[in-house]
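Reader: I would like to go through this model by question and answer. Please keep it brisk.

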Amino acid sequence: MNDSVIAAAGLGIALGGKQVLDGLDLEVPRGSIVGLVGRNGAGKTTLIRCLLGLARPDAGGSALLAEPSWDLPDAAKERLGYVAQKPDHPPWLSVRDCCAYVGSFYRSWDAARVASLVERWELDPKQRVGRLSVGQQQALAVILALGHAPELLILDEPASALDPVARRRFLQTIAGEVAGGATVLFSTHLTADLERVADRIAILAHGRIVVHDGIDALRARVRRLRCPPLPGVDPATWPGVVGCEHTADGVVLLVDGTADDIAARVAAATGTAPAVDAPALDDIVIGYER
């Protein structure tokens with residue numbers, strides 16, 4: 001392992017007889033916001049649990065803040081913030097008492113900042129946690145993860161239950177954390193959120209990170225080619241083709257970095273040059289996930 005904020009090498013784990021992670025590698029640079037995307041069941045939550053030392057991998061290993069995930073010292077844990085996919089805070093406590101309870105575990109807890117976030121996110125400090133809506137409970141979980149100003153935030157689908165206003169607040173808050181020096185890894189299905197706040201994207205498919213790059217760099221590099229029918233040819237095997245969809249009119253190819261070469265190859269095979277355009281981030285993610 002090196003000194004990356006997050007570093008995973010050869011990470012493998014099987015659950016219920018299924019290989020969920022299969023030789024996964026990932027490095028996250030300090031000060032970045034990385035969006036982790038993948039289909040349902042791709043292993044995003046399993047990866048996060050392995051990184052946090054909540055699940056033990058069968059192969060490989062990982063480190064957070066240069067400390068081994070499976071044996072994180074208390075000093076490293078105090079530098080982390082984590083939001084689970086399903087927050088689980090004592091339902092009988094009020095929001096105010098829940099904040100005080102969680103804060104008692106951290107020496108660097110900033111009660112004034114937490115109170116300010118509770119007010120900003122329009123939570124009632126006297127309301128019992130168990131009576132909050134699902135979205136409000138998720139908002140509270142994010143606030144609690146920020147209360148000790150962590151260096152590293154790991155968030156599992158943190159905005160899935162938030163309404164549009166709360167999601168906008170969440171994204172603004174996360175951007176502010178990174179401006180203050182934090183690093184963020186968050187899993188999501190919402191590519192619009194990635195485009196608003198993340199600077200990097202990691203796509204998890206088939207048990208591995210199939211692409212991890214800056215969002216701007218990825219969008220500048222990937223092109224979509226709308227091709228006529230290619231009988232007797234399997235373009236999915238061509239170098240650089242990361243997505244291949246057969247349609248009624250022909251074939252749509254998603255190409256990473258070699259669009260001119262692939263376009264020339266299609267033109268030579270069919271006599272017709274394909275139409276080339278820049279796909280949306282959503283289309284890029286779907287192409288890599290297949």
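**Questions on a predicted model**

Author: Start with Pro57, which counts as partly exposed because its relative accessibility is 21%. The model is a predicted one.

Reader: Where does Pro57 lie, and which residues does Pro57 touch, leaving out those up to four places away in sequence?
Author: Pro57 sits in the loop between α1 and β4. Residues up to four places away in sequence are not counted. Its contacts are then Leu11, Gly12, Ile13 and Cys50.

Reader: What distance separates the C-alpha atoms of Pro57 and Ala159?
Author: Along the chain, Pro57 and Ala159 are 102 residues apart.

Reader: Which strands does helix α1 lie across, and at about what angle does α1 run to β1?
Author: Helix α1 covers residues 44–51. It lies across β1 (6–15), β2 and β4. Its angle to β1 is about 120°.

Reader: In the open sheet of four strands, which strands stand at the edges?
Author: The strand order is β2-β1-β4-β5, with antiparallel pairing. Two strands have a single partner each, so one side of each is left without a neighbour in the sheet. Those edge strands are β2 (18–28) and β5.

Reader: Is Ser62 buried or exposed, and which side chain makes a polar contact with that of Ser62?
Author: Ser62 belongs to strand β4, residues 59–64. Its relative accessibility is 10%, so Ser62 counts as buried. At 2.7 Å, its side chain makes a polar contact with that of Ser69.

Reader: Leu65 and Glu122 have positive phi without being glycine. Which is buried and which is exposed?
Author: Most residues other than glycine have a negative phi. Leu65, in the loop between β4 and β5, has phi near 50°; Glu122, in the loop between α4 and α5, has phi of about 60°. The cut-offs are under 20% for buried and over 50% for exposed. At 7% Leu65 is therefore buried, and at 58% the exposed residue is Glu122.

Reader: Which residues touch the most other members of the largest nonpolar core, and which element gives the most to this core?
Author: This core holds 49 residues. Trp121, Leu140, Phe170 and Ile201 touch the most other members. Eight residues come from the element that gives the most, α5.

Reader: How many residues are in the other core?
Author: Another core lies apart from the largest one. Among its members are Val20, Leu36, Leu65 and Leu80. Its count is 30 residues.

Reader: How far apart are the end C-alpha atoms of helix α6?
Author: Helix α6 has 16 residues, 164–179. At 1.5 Å a residue, the helix should span 22 Å. The model agrees, with its end C-alpha atoms apart by 23 Å.

Reader: What covers the buried residues of α6?
Author: The buried residues of α6 include Arg167, Phe170, Leu171 and Ile174. Their cover includes the strands β3 (33–37), β7 (152–156) and β8 (183–187). It also includes the helices α4 (111–120), α5 (134–146) and α7 (191–197).

How values were computed:
Residues are numbered from 1 along each chain as its sequence is written. This is a predicted model: local features need pLDDT of at least 70, side-chain atom pairs count only at pLDDT 80 or more; totals for chains, interfaces and linings use all residues. Side-chain values use heavy atoms; hydrogens and water are left out. The expected span of a helix is 1.5 Å times one less than its number of residues. Buried means under 20% relative accessible area, exposed over 50%, partly exposed in between (1.4 Å probe, protein chains only). Contact means heavy atoms within 4.5 Å. A polar contact is a pair of N or O atoms within 3.5 Å; within protein, one must be able to donate a hydrogen and the other to accept it, and residues adjacent in sequence count only if both atoms are side-chain atoms. A nonpolar core is a set of buried Ala, Val, Leu, Ile, Met, Phe, Trp, Tyr and Cys residues joined through side-chain atoms within 4.5 Å. Two strands pair if DSSP finds at least two bridges between them. Axes are lines fitted to C-alpha atoms, for helices over the stretch in contact, and angles run from 0 to 180 degrees between N-to-C directions.
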